[in-house]
Amino acid sequence: MLRLCLAPLAALAALASSPAIGDEHHDHRQHIEFSVRSVQDGSWSDPATWRPARVPKSGDRVLVSRETRVEYDVKSDAVLRLVQVVGRLDFARDRDTEMNVGVLKVQNSDECSESGFACDFAGVNLAGEPLEELGGVLPALTVGTPEAPIPAEHNARIRLHYLEGMSQDDAPALVCCSARMELHGAPMSRTWVKLGRSAKPGDTSVTLAEPVEGWRVGDEVIVTGSEHAYRGRTFRNNREAVGTEERRVTGIDGAVLHLDKPLEREHYGEGEFRSEVANLSRNVIVESADHDGIRGHTLYHAFSKGSISYARFAHLGKEGVLGRYAIHFHLLSDTMRGGSVIGASIVDSHNRWITIHGTEYLVVRDCVGYQSVGHGFFLEDGTEIYNLLDRNLGVQAYRGRRLPNQVLPFDPNDGAAFWWGNGRNSFTRNVACENDEYGFRYDMQKTSQFDSVLPIAKADGDGQEMIDVRTIPIWNFQDNETHTEGVYGVLIAANGNRQPDTSIRDERMLERIRDIDWTGPDVRHPHTLRNVKIWEVHYGLRPHSPAMLLEDVRIDNAAYGVYRPAFENQVYRNLHLSRIGAEPFNRGMDDASAQTGRVTVDGMIFENFNAYGLALVQISDNNLSGDAETHFRNVALRDVHPRRAFIDRGGGALADPVTEKGVPVYVHDHFGPGRHAKVVSDAARDVGRDGEKYAKVESLTGEKSLAAEVSRVEFPELLDPVDDHPPATIILSARREDGRLVVSGVSHDNGEIDRVMVNGQTATITAQSAGVADWEATIATSPPDVIIAHAIDQRGNIEQRRHEIRIERRAKSAE
């Protein structure tokens, strides 16, 4: 295998002024002495490898010295205080291995501290964060490699122990400081799949939607919940509310898994809405030794290399401590472009599953997050761009506390499977289930405590520019699903949950609404969500932002369908709502009943609605701009109880409008081609002023609405989307096969990838879905010293920030 490394990059100057986020009383500069160090290549178990000539024992501080390569070939209960890798440490692949350690640190330094966060070499800031690339041969920890993972018949385990005298905020830890860290277990064809048949209480087997490879008897699996249950404030330690069940596999027959004990709940496995079965077991394990005590964390710093695949991270994360997460990519910028987390399971984290902080071009794919305090898959500060989160499953992110000194002060950390604040990332084919507050939440605000104008890398690669991140549209959000959530399915927020005091029902309320800063993307670059499925939740979709395009949205069995929208240039296409309770299509800003602009819905199905609940569509009472309107076209009502009004005023807080104009709702072609219905509130101050004849219309109006037939009303085109942004490309591997160099990677875009170029030749796209293309290229001639890859989308946008790697011919694995 060839070694990969990044081409030279500018130093991360922004880190120079970043505050320390570790224990303010812990000085990472207090360096220590090593008890034992390697003096030659060899096995860990061979005394000749070490000076003094003995195998490391409990309490030792161990140095794997520069220019030595040690194979870790033991399964030992000895608890090492510190292991620092400056040379290379490889876990054996031909046996079970286990290391018990306080701090395991990989860094290019002959000095070390016991800090589980800070790096210990020149060129770091006061927090111990690297500011520049060191150069030279990188220290390396390899627990398997992508090409040679730990075989399925063996386990490799790292157990992190807190030891007296260490900082409780920093240790125990596994830390990569501008070095290389590889963690790779036996691969699986899929880490989670949908059910292929419904499972009933008492069943001792489940049928998967497809057979899976790499799953084994004895594996721990979960079968996710299918029914939304009242859970108070949290699913955490709330067995009555949780529908997800944990089991062990006792046998595998094709697509059928046999379980160690009967299921207690029903799990849907047929039709549109189906639960998932996920495998939590892996044969490479990083875990806290004391689940109920002081937990460990893992971390990659800037200028690090490496990747993770099919490894388990269990009982990690320090609850309530900033920056101490189960898996943490910390302020990497693009220095770890080519890094990935594939097929990992993150189980019982007390502080997130995977945190991507100030990092670009990371691939997180096929991972399973199960139980986290605070948000699970988390992009931390709004500067993160071009990251790909594809086909991950997030189950039970719990409500946590705001973390001290967190970057975004408006984030309540209240439990989302997926949380991000910069739209220029891809979220595709992910599923969220049973999270305390949200399946997916995007949020970016400008407040007195936080300025949303941030330094963002330019698409052409020419440095950075200051951008109000609120104006960056959600770039690629496709084929995502959320179900059985505690509160929300999907929430897209502009300035968060800001809602006026609706107890003030006069012009003062409207002024407060007008004072809300609704800065967001523009009509040529709207937030775009496609093919979204939401079911068994309380609030389905909350589109709380201007300039949105929502296509193929499916919401089933929720109390509220489209809830508290901020209607301003919002376009819905193919919206399908069924079995929605109180309010299927809510008025603008809910109880404020205020609308600032226009909204269109082209293609709308209301299906299976009983007699209980409010109108299918609610009229906004207050027209803040004077030109607010709602337009429907191609509407179908299926199995809707005749007592359920189509369009009417809302419920709850209901008072007379305070604006001079109401908000009309147009149903195009309702009475026939070119014969439209204009529906208004009977309390609107301007009702009848347009000279139209309003009356009750059966199956259209409700108790508080009137309609008139009108013509010459155009269905407005509110958005003019243009794709003028290039794709993002990540080289994931380069390997030699039969004298040729095989390069593979992934490109993602808000449209479709047309082609990928690798050193001037066109790569083969092996799979493409939801704007994500996997590709491979074979370079048959003499392998070059540099590989350069970039993508072109179908609109002709050419990627300028190309991924460039250097090939070191004599190296044996990927950096």
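Reader: How many bridges join β8 to β10?

Author: Three, with strand β8 (residues 88-91) and β10 running parallel. Bear in mind this is a predicted model. Within that pairing, Asp90 is found opposite Thr142 of β10.

Reader: And which residue in β13 is the bridge partner of Thr142?

Author: That's Glu182. β10 pairs with strand β13 (residues 180-184) through four bridges, in the parallel sense.

Reader: What about the faces of β10, covered or open?

Author: Covered on both. Ala140 and Thr142 are buried on one side, and Leu141 and Val143 are buried on the other.

Reader: OK, switching topic. What's the strand order in the open sheet with six strands?

Author: It goes β14-β19-β16-β17-β18-β15, with antiparallel pairing.

Reader: Which ones are the edge strands?

Author: β14 (192-194) and β15 (205-207), each of which pairs on one side only.

Reader: By how many degrees are neighbouring strands turned against each other on average there?

Author: 35 degrees, ignoring direction.

Reader: Now β17 and β18: how many bridges join them?

Author: Four bridges link β17 (residues 245-253) with β18 (residues 256-259), and the two run antiparallel.

Reader: Which residue stands opposite Gly251 in β18?

Author: Look for His258 in β18, facing Gly251 across the pairing.

Terms used. Residues are numbered from 1 along each chain as its sequence is written. This is a predicted model: local features need pLDDT of at least 70, side-chain atom pairs count only at pLDDT 80 or more; totals for chains, interfaces and linings use all residues. Side-chain values use heavy atoms; hydrogens and water are left out. Two strands pair if DSSP finds at least two bridges between them. Axes are lines fitted to C-alpha atoms, for helices over the stretch in contact, and angles run from 0 to 180 degrees between N-to-C directions. Buried means under 20% relative accessible area, exposed over 50%, partly exposed in between (1.4 Å probe, protein chains only).
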